[in-house]
Amino acid sequence: MTTTDTPPPVLSVEAASKRFTLHLRDGLQLPVLQDVSLQVRSGECLALVGPSGRGKSTLLKCLHGSYGLESGALWLTQADGRRVDLARAAPRTVLALRRREIGYVSQFLRALPRQSALDLVAERLLEADPSPPQPDADPLDDGPHEAALGAARAQAGALLARLNLPEGLWGLPPATFSGGEQQRVNIARGFAVPARLLLLDEPTASLDAGNRRVVIELIREAKARGSAIVGIFHDEEVRDAVADRRYHFH
Ligand SMILES: Nc1ncnc2c1ncn2[C@@H]1O[C@H](COP(=O)(O)OP(=O)(O)OP(=O)(O)O)[C@@H](O)[C@H]1O
Ligand SMILES: [Mg+2]
């Protein structure tokens, strides 16, 4: 613990550098992150800004544990004060953090075939539920599971309704949904569980003005609950409405 009253930042990126190696082009090296250092505190939203192709989405993917780094570190301070370097954490740790601590709204929805929009969001709630299965539960009695599923579906439905997704679509797989409909399912999934670290990659890119306002509200509520947010917002109106600070990629 620190001796001051200020808690450590939730996220501390320290001199992060990364390059991609293009194997199909004789191993050409493409530097994409060069000496990136930034910090984000609880309740704060940092906007990543800069021209296309400079590594903004790549940094979010690194923070989501999908890519490692050549050098530097991505320190996440957990609720109990322990720090974990997201660039070097074991896959099992990354998966556990994604369930409970890290929310991610990617630009495009990745859904399992045949899973309904409602269950895609409900599943996110169930996987974050820390209550372990009861060891003495009757294996033939799936009552508690049904109850948990029902509660998760109700919560998921409330979020989809708030994002104006027509109820007639809730039971359908999102594969055939419009871009904006898919994105709203993705947003509902990303915001369903309160995240310590929330990563947003252009969450409002294909939304109309009304739904953009809903997303602004959701982001403000997440900040009020104490999430540390790193976001990419091409829409300046959204960025101005939610960002406390900016990090410029040159
Ligand atoms: N998996 C990969 N393998 C090789 N190169 C990649 C890979 N992912 C991204 N890149 C390259 O890295 C660079 C940065 O990409 P990134 O998607 O992070 O940019 P960005 O800043 O998010 O851009 P935009 O604003 O257009 O979304 C690009 O030149 C891209 O082609
Ligand atoms: Mg991008």
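Okay, some ground rules. Residues are numbered from 1 along each chain as its sequence is written, and chains are lettered from A and ligands numbered from 1 in the order in which they are written. Since the model is predicted, local features need pLDDT of at least 70, side-chain atom pairs count only at pLDDT 80 or more, and totals for chains, interfaces and linings use all residues, while side-chain values use heavy atoms, with hydrogens and water left out.

Let's start with the sheets. Two strands pair if DSSP finds at least two bridges between them.

So, in what order do the five strands of the open parallel sheet come? They go E6-E7-E8-E3-E9. At the edges you'll find E6 (102-105) and E9 (245-248), each pairing on one side only. Neighbouring strands here are turned by 15° against each other on average, ignoring direction. For angles, the axes are lines fitted to C-alpha atoms, for helices over the stretch in contact, and the angles run from 0 to 180 degrees between N-to-C directions. Zoom in on E6 and E7 (residues 197-201): they pair in the parallel sense over four bridges. Val105, for instance, has Leu200 in E7 as its bridge partner.

The other open sheet has four strands, ordered E2-E1-E4-E5, with antiparallel pairing. E2 (28-40) and E5 (83-85) are at its edges with a single partner strand each, so one side of each has no neighbour in the sheet. Its twist averages 30° from one strand to the next. E4 (residues 71-77) and E5 run antiparallel and are joined by three bridges, and Leu76 stands opposite Val84 in E5.

On to helices. Two packed helices are described by the angle between their axes and the distance between the axes. Take H3 (residues 117-128) and H5 (residues 179-191): their axes come within 9 Å and cross at roughly 15°. H3 and H5 are therefore roughly parallel; the label covers angles under 35 degrees, with over 145 being roughly antiparallel, 65 to 115 roughly perpendicular and the rest oblique. Their crossing is right-handed, meaning the near helix is turned clockwise from the far one by less than a right angle, and left-handed if anticlockwise. Who touches whom? On the H3 side, the residues include Leu120 and Val121, and on the H5 side Val185 and Ala188 are among them. By class, that contact has five nonpolar, no polar and four charged residues. (Ala, Val, Leu, Ile, Met, Phe, Trp, Tyr, Cys and Pro are nonpolar, Asp, Glu, Lys and Arg charged, and the others, Gly among them, polar.)

Now H2 (residues 91-100) packs on H3 at about 115°, axes 8 Å apart, which makes H2 roughly perpendicular to H3. This crossing is left-handed. Arg98, Arg99 and Arg100 in H2 meet Arg124, Glu127 and Ala128 in H3: one nonpolar, no polar and five charged residues.

Last one: is Gln183 buried or exposed? Gln183 lies in H5 and is buried, at 3% relative accessible area (buried is under 20%, exposed over 50%, partly exposed in between, with a 1.4 Å probe and protein chains only). Beyond its neighbours within four places in sequence, Gln183 is in contact (heavy atoms within 4.5 Å) with residues including Gln107, Glu202 and Leu207.

Key: Helix = DSSP H or I, 4+ residues; strand = E, 2+ residues; numbered from the N terminus.
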